[in-house]
Amino acid sequence: MTRTKDQEAVIYCRVSSVKQVREGHGLGSQDTRCREYAAHKGYAVVQSFHDEGVSGGLIDRPGMQAMLAFLRKHRRHREHVVIIDDISRLARDLEAHIQLRTEIGAAGGKLESPSIEFGEDSDSVLVENLLASVSQHQRQKNAEQTRNRMRARASNGYWVFQPPVGYRFERVSGHGKMLVRDEPLASIVTQALEGFASGRFETQAEVKRFLESHPEYPRTAKGDVRAQHVADMLSRQLYAGYMALPDWNLPLRKARHEALISFETHERIQERLTEGAKAPARPDLNADFPLRGFILCNDCSKPLTACWSQGKAKKYAYYLCPTKGCASYRKSIAREKLEGEFEALLHRLRPSEALFKLAKAMLSDLWDIRLAQTADSTKALKSKLTRIEKQSEQLLDRVVEASSVSVVQVYEARIAKLEREKALIREKLFSTAKPLHSFEQTFEHAMSFLANPWKIWNSGELDLKRTVLRLAFAERLPYCRNEGLRTPAIAAPFKALGEIHSGMCEMASPTGFEPVLPT
């Protein structure tokens, strides 16, 4: 068919690299060459279609689908020439090339290019398919080389995938691009992970609510944090400064980036995930009623619930027993009364200054003894590490010699377990090398809670209030409507202080209560 200026053409361009799209390379030069070809052939370019950052191995591309829709819409009126800069711009996969070539023809388009002469004879089809095969080989080779480079870098302890929340990539002298802390997200992640490991957060749902309480933390379009995201975070070794890539046959290894938590904390998280939460927290706990679920009804020993009640002028806050059949069922206790008594108890739950001085002197002696034991502990850990490394080497030799796949899998599982033990020992060796702080700093930090738990409770943060409940009391507190709070069972730290020297213990208690520590 003789073509004139009335012959219409469309242009199709594609780049697979996001970097090319960002820097403006590729698409513009392709479009220019295609327009020069159209001008030379006397075609009128009516539209140009682009696919940005899309792999040549994919068929379902937005720009390609839009072009096919355009061709189908106008094929009754005239044939359109489809101009591509190079055969690799159409596809870099032989199967995809053949399928797209067929769809373009069925839609009323005729493929042309300044780089290749498309024809229907056997020789032209052979050349076209050979070029498409070469393009496919180049794409696969590029992917293979990229994967090998990534694996080599990962084997040296560098993370090569998308950074998890709490980290970002930054170019560091001597390291290239590597993970660095991304504040304030890094600190939020640390609090979440350590909180779950210690039991501050009993369930993954509590971790989820904690993350959602921070406006800076990324969330979905619905404004929440996905439960799966929390589960993935809790299982990530990367946060402990370690990485393993089984698909690339890379076992557990120390990573180069800074850890957000210790490996020991990570292992404790895995134990908790396996064993499950022993005391799930109620999802409806909120700052309005921090004692909800913690205070027990004295008549039935079931936890009190709480609610707001609408009065004529305002709302009133109450705690009440929800257990049917109980003598105190639905009988309300004003929030101010119950929480006031609890705060009075908490305010008095602190040792005397004399007791603190005695405890400090005794703990100072224990500190000196512990320092003296450090050398022996370090020697024992190094000896254990040597034994484990020897076991790992022996198992690796067996893997090489084994012919059974099932036997190899057993050996590999044992090697992975030994690698985790090695990581823990190395971390302990580092932590026992010398104290991070002086005795004075450590003592003051440890005793800040015991000195005045009421001060922490009075901060107003729900998480801190719940921490006080868990650390200060061994059991939930019974409440009698007529007599008030019953004698509490205090937690081990306070009890231990009382037992240091009974003659000097001065743990006060509110009027009407039995002393919580012996005097």
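Aspartate 31 forms a salt bridge with arginine 35, the closest N and O atoms being 2.7 Å apart; a salt bridge is a side-chain nitrogen of Lys or Arg within 4 Å of a carboxyl oxygen of Asp or Glu. The structure is a predicted model, in which local features need pLDDT of at least 70 and side-chain atom pairs count only at pLDDT 80 or more, whereas totals for chains, interfaces and linings use all residues. Residues are numbered from 1 along each chain as its sequence is written, and side-chain values use heavy atoms, with hydrogens and water left out.

Helices (H or I, at least four residues) and strands (E, at least two) are DSSP runs, numbered from the N terminus. An α-helix has 3.6 residues a turn, so residues three or four places apart point the same way. Aspartate 31 counts as buried because its relative accessibility is 12%, while arginine 35, at 39%, counts as partly exposed. Here, buried means under 20% relative accessible area, exposed over 50%, and partly exposed in between (1.4 Å probe, protein chains only).

A salt bridge also joins arginine 33 to aspartate 85, with the closest N and O atoms 2.7 Å apart. Arginine 33 lies in helix α2 and aspartate 85 in the loop between β3 (80-84) and α4 (87-90), so the pair ties together parts that are 52 residues apart in sequence. Arginine 33 is partly exposed at 37% relative accessibility, and aspartate 85 is buried at 9%. In total, the structure holds 15 salt bridges. Among them is the pair of glutamate 183 and arginine 181 (2.7 Å, N to O). Glutamate 183 is partly exposed, with a relative accessible area of 41%, and arginine 181 is likewise partly exposed, at 26%. Arg168, Glu170 and Asp182 are linked in a network of salt bridges.

Helix α7 (residues 185-198) has 14 residues and reaches 20 Å from its first C-alpha to its last, close to the 20 Å expected; the expected span is 1.5 Å times one less than the number of residues. Of the 14 residues in α7, 10 are buried, including Ile188, Val189, Leu193 and Phe196. The buried residues of α7 pack against β6 (176-181), α8 (204-212), α9 (227-235) and α10 (263-275). Just after this helix, glycine 199 takes a positive phi of about 95°.

A nonpolar core is a set of buried Ala, Val, Leu, Ile, Met, Phe, Trp, Tyr and Cys residues joined through side-chain atoms within 4.5 Å. The largest such core has 38 residues, of which Val189, Leu193, Leu211, Tyr217, Met233 and Tyr239 touch the most other members. Helix α7 gives the most to this core, with eight residues. Beyond its neighbours within four places in sequence, leucine 193 is in contact (heavy atoms within 4.5 Å) with Met233, Leu234, Tyr239, Ile261, Thr265 and Ile269. A second, separate core of 25 residues includes Cys297, Cys321, Leu349 and Tyr479.

The structure holds zero disulfides, a disulfide being a pair of cysteine sulfur atoms within 2.5 Å. The sulfur of cysteine 34 is 5.0 Å from the closest cysteine sulfur, in cysteine 13, too far for a bond. For cysteine 297, the closest cysteine sulfur is that of cysteine 326, at 3.7 Å, which is also too far for a bond. Cysteine 34 is buried at 0% relative accessibility, and cysteine 297 is buried at 4%.
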